[in-house]
Amino acid sequence: MAHLIFTMNYHTAWGEQVCLCGNTPELGDLNEDRAITLDADGGNWSAAVDIEEATDIGYYYFIRKGGYTIRREWGSNRKIHITKGRREFIINDLWKNKSYHSYLYSTVFTDTVFRHERKPLPSKYYPHTLLLNVICPYVSGDQSLMITGECQELGVWDLKLAKPLSYIDEGEWQIMLDAKKLPAKSEYKFVIVDKKSGEAVHWEDGINRLLTATAAHRGNTVQVEMGLLFHYQGFTYRGTGTAIPVFSLRTGDSFGVGDFADLRKMVDWAALTRQQLIQLLPVNDTTATKTWRDSYPYSAISAYALHPIYLGCSDYPLKVKKKQNAFLKEAKELNSLPDLDYEKVLSLKTRYSRELFQQEGEEVLVSEGYIAFYKKNESWLFPYMCYCFLRDKYGCADFREWGDYASYNGTALKEMVDTDAEARVETQFWAFLQYLLHQQFSGVKVYANERGVALKGDIPIGISRNSIDAWVAPDLYHMDTQSGAPPDDFSFFGQNWGFPTYNWQMMEKDGYAWWVNRFRKMADYFDAYRIDHILGFFRIWEIPLDAVQGSLGHFRPALPFWIEEINRAGIPFDEERMVQPFIHEHFLADIFGEHTEEVKREYLEITGWQRFKLKSHCNTQRKVKQLFDNKKDEKSRRICDGLMSLCAEVLFVRDPQDHHRYHPRITVQYTHSYRYLDTHVKEAFNRLYDEFYYHRHNYFWREEAMKKLPVLISSTRMMVCGEDLGMVPDCVPSVMHELQMLSLEIERMPKDPFATFTDLQRLPYLSVCTTSTHDMSPLRLWWTENRELTQRYYNEVLHHEGVAPAECNITICRQIIERHLRSSAMWVILPLQDWLSIDEKLRNPDIATERINIPANPEHYWRYRMHISLDDLLKETAFNEKVAALSGR
């Protein structure tokens, strides 16, 4: 039997109790209702526990008041091995608060950048043992943590005689000392040492520590100093990475599209060039129409399933050589194309996968690995299998057209699979394919981690309204709306993504389980993730289903105005004038030109002197779009665009949940309706507008975000980054800083409304800095788009005199990239296109083809691929050495 004495010095408020909970029956089996309450003696708390068997125990402390847990200490549970037999353990603990450097406990650092071989807990102790447990997440893979001190046993301050600590896990280190060789008291310190040179990298801050081994000097006693904090206040880390979509990768083994097997070579290049991270776009299955429209990676049919197009076929060759050679020939032709031919590649990959299923399926489906995978993932995998079968059977992804299966019914679907032979084989095929994808992609993560490279994923803010998630649990979404983004630098009219918005009230009831499960699935493949449109966790831009453009949307949740508030602000509210489209004779010619009379005759009705309204067949943007869908001539395009704009000629948008409240229409100052207001009403409207969009919701939206984000972030140990571009409320930076979420910083998209360019030397440390994103023009293309802006950048930012060159040459590209790499951000992650821009030989001669997406175009074809292969890039020694030198920030 081991006798454990836990002690902690902790100052509590009146009525608070310090409690101890662990993974053994004596410590409550991690059930806080059965936890041990420590006894208080002033600020000192203690408890004694007897444990019968030898075991590894994990435990933590929490504070209880009035029978309720009011706070827990931060981080993972403490760990210690208890030996069998009569022995006393005196465990001196320190309460663990969240550290400013808590990002170092993400798997980006613990499993990758600061990766160390884990050592087991000591299972045997000296008769007189002093065990030191140190929290020090600052040690990189080529460094070690040492202890040295004034006594002989600790090396008399000589680093050559210092003792190394063993890495336990998640930034924790331990060393077991023989207390008989130690004086009762002596000074010491911890130090981080370079493994190769043996030189000190950093002595911990502050005065020397005092090593007191009094308890350990007693016989048969293990004295444990648990959770000692290595003091390193000035620690900063500077990381470098590359952003590239998986579909854009190109190798000699590609089947016309980048895949998970190709990703290994991308890891090789990152490691070779001393980079620590690769950032990807979403990789979930988007197969809805089986056309190029499915190339849009942010419209997944499943929040969990991987896209079959990313299966690296080179890892799974067919045994029949004739078939294999035929596929390889087709793959070579598609791989030689400058861009992705999505439809042909999808067809090729699907046919190859079916051949592979015929070859391997029977054996794989009975394997232990597959059975374990299916059992763990059945909650999403079974609906996915059935969805794919029914999608193909009915020829559409709209489950509302699936007859008896329009509403998800697990029992009925299980009966279908059991009784329908075709359904059984087809569903097994899709499950088989997901298993291979999982094996391959999770294997790439291991491959990357071993080489010091982390993978960063992307979590889309929305789901497709025809997705499996909407089919299985429609009550989690507002299916009668669509989401998007308000007008910004990406799109003058705003963005309409078409996704339903989230029913957060319903999601809250089960602790946001759908989101938590989604994040945990991401952790199978990534060490970090980017939350697309982080603002959606504060509020989402919700657009009526009858609208096409984002300009007619409103924030949800929000605090719209009552009519009384609008009147009190100095705006005499008139619903017909302000909520219905304002259409006046005077500006129709500006919109429609020579077609004005035709428009008045065919599409407008007179409502008063020089006033009109839209006829019923074209009084919404959706109706207008349908009228002109198949008309591509210039006249039709102008009339269509004009009618769209007339639909948006409103000053206020009625709240769909409360018809007595109203939102000021976003960017209303650009409308004719606004221009026709009296001057004093304009001024009053501007004040109301500014109050609504920049002040009214700050505390409200902060509370909304803090309900959700802490739960989701704590569900995994991935590093969290938020895409916080656009119309950012004041509450967003403070929430992201509090939760240690990294922001996104772009020089040409300053968050300061009075700045033209972001000051790279004043970026928040907890941020990701980049030259451009997938939604923007790469560096060289941007240089050509606005000569006035380029000239200002050339003179004011780069500090060159004279006229800016017409082309962004390699000298300028290198200067821009070097400026970014010198920024104050923790991470600099550059698109591969911009890395290649610094080399005359490797840069793409056709800069227009380097752009990945155009957000203003909802029907953009995502098809960009590298113009050179990774095989060739890996051989470019001079370029790779250049990138490696730059990456060493």
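## A helix pair

The crossing of α13 and α16 is right-handed, meaning that the near helix is turned clockwise from the far one by less than a right angle. The axes of helix α13 (residues 585-592) and helix α16 (residues 634-647) come within 9 Å and cross at roughly 140°, the axes being lines fitted to C-alpha atoms over the stretch in contact, with angles running from 0 to 180 degrees between N-to-C directions. Helices here are DSSP runs (H or I, at least four residues), and strands are runs of E of at least two, numbered from the N terminus.

This is a predicted model, in which local features need pLDDT of at least 70 and side-chain atom pairs count only at pLDDT 80 or more, while totals for chains, interfaces and linings use all residues. Residues are numbered from 1 along each chain as its sequence is written, and side-chain values use heavy atoms, with hydrogens and water left out.

## A loop residue

Leu311 lies in the loop between β20 (277-279) and α3 (321-335), and Leu311 is buried, with a relative accessible area of 0%; buried means under 20%, exposed over 50% and partly exposed in between, for a 1.4 Å probe and protein chains only. Beyond residues up to four places away in sequence, Leu311 touches several residues, including Asp259, Lys349, Leu433 and Gln440, where contact means heavy atoms within 4.5 Å.

## Nonpolar cores

The largest nonpolar core has 184 residues, and Trp783 is among those with the most contacts inside it; such a core is a set of buried Ala, Val, Leu, Ile, Met, Phe, Trp, Tyr and Cys residues joined through side-chain atoms within 4.5 Å. Its largest share, 13 residues, comes from helix α5 (residues 368-394).
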